[in-house]
Amino acid sequence: MDAPMMKKTYMARYASPLGEMMMASDGVALTGLWFCGQKYFAATLPEERIEKVDLPIFVKVRRWLDIYFSGKEPDFTPSLAPDGTAFRQQVWRKLREIPYGATTTYGAIARSVAAENGTAAMSAQAVGGAVGHNPISIIVPCHRVMGADGSLTGYAGGIERKLALLKIEGQSLSSKSIKS
């Protein structure tokens, strides 16, 4: 019997204005994008990784990020394949529906997920857990999710980065909106 083929994981770095980022791919789609050292950094990746800077998906992601950090909304989305449970995948799809420059709340996402699943309610805390474990920062815009009172609640990349990302998108928030 042949040994099962191990999926390869490719890695590359991106120097963003908010700090170094790490990209991961299965060779076709983006599977991860993190600020180096952030909470849950590379949590879904295997130990064995291959550094491959010129992978076509990484070229597309770099172009997307360059456009984004220049203050413009990218007009394309690179191929994405985040690894997660069915519930997390559902929440991450909801995150991708939040328009550039807009925000929503954990509660609003919970209500949307509940409606989609035909249930009466969904826990905003459960949604928060899924949002917090999003492995593709910025492109899957978890930074656009706020507390029920409009406060800048947690962000795995750090609250100051969340504030900076929202400012890039034209939001006029202050650090007074931060809740620890």
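Me: What are the axes of the helices here, and which model are they fitted to?
Reply: Axes are lines fitted to C-alpha atoms, over the stretch in contact for helices. The model is predicted.

Me: Why are α2 and α4 called roughly perpendicular?
Reply: The axes of α2 (residues 86-96) and α4 (residues 124-132) cross at roughly 80° and come within 9 Å. Angles of 65 to 115 degrees count as roughly perpendicular. The two helices are therefore roughly perpendicular to each other.

Me: Which residues of α2 and α4 meet?
Reply: From α2, F87, R88, V91, W92 and L95. From α4, A126, V127, A130 and V131. The contact of α2 with α4 holds eight nonpolar residues, one charged and no polar.

Me: What makes E116 and K94 a salt bridge?
Reply: The cut-off is 4 Å between a side-chain nitrogen of Lys or Arg and a carboxyl oxygen of Asp or Glu. The closest N and O atoms of E116 and K94 are 2.7 Å apart. The pair joins helix α3 (residues 106-117) to helix α2, 22 residues apart in the chain.

Me: Why is K94 called buried, and E116 partly exposed?
Reply: Buried means under 20% relative accessible area, and exposed means over 50%. K94 has 10%, so K94 counts as buried. E116 has 46%, so E116 counts as partly exposed.

Me: How many salt bridges does a search of the whole structure find?
Reply: Three. One of them pairs R13 with E20, at 3.3 Å between the closest N and O atoms. R13 is partly exposed at 41%, and E20 is partly exposed at 39%. E169 and R144 also form a salt bridge, 2.8 Å from N to O. Both E169 and R144 are buried.

Technical notes: Residues are numbered from 1 along each chain as its sequence is written. This is a predicted model: local features need pLDDT of at least 70, side-chain atom pairs count only at pLDDT 80 or more; totals for chains, interfaces and linings use all residues. Side-chain values use heavy atoms; hydrogens and water are left out. Axes are lines fitted to C-alpha atoms, for helices over the stretch in contact, and angles run from 0 to 180 degrees between N-to-C directions. Helices (H or I, at least four residues) and strands (E, at least two) are DSSP runs, numbered from the N terminus. Angles under 35 degrees count as roughly parallel, over 145 as roughly antiparallel, 65 to 115 as roughly perpendicular and the rest as oblique. Contact means heavy atoms within 4.5 Å. Ala, Val, Leu, Ile, Met, Phe, Trp, Tyr, Cys and Pro count as nonpolar, Asp, Glu, Lys and Arg as charged, and the others, Gly among them, as polar. Buried means under 20% relative accessible area, exposed over 50%, partly exposed in between (1.4 Å probe, protein chains only).
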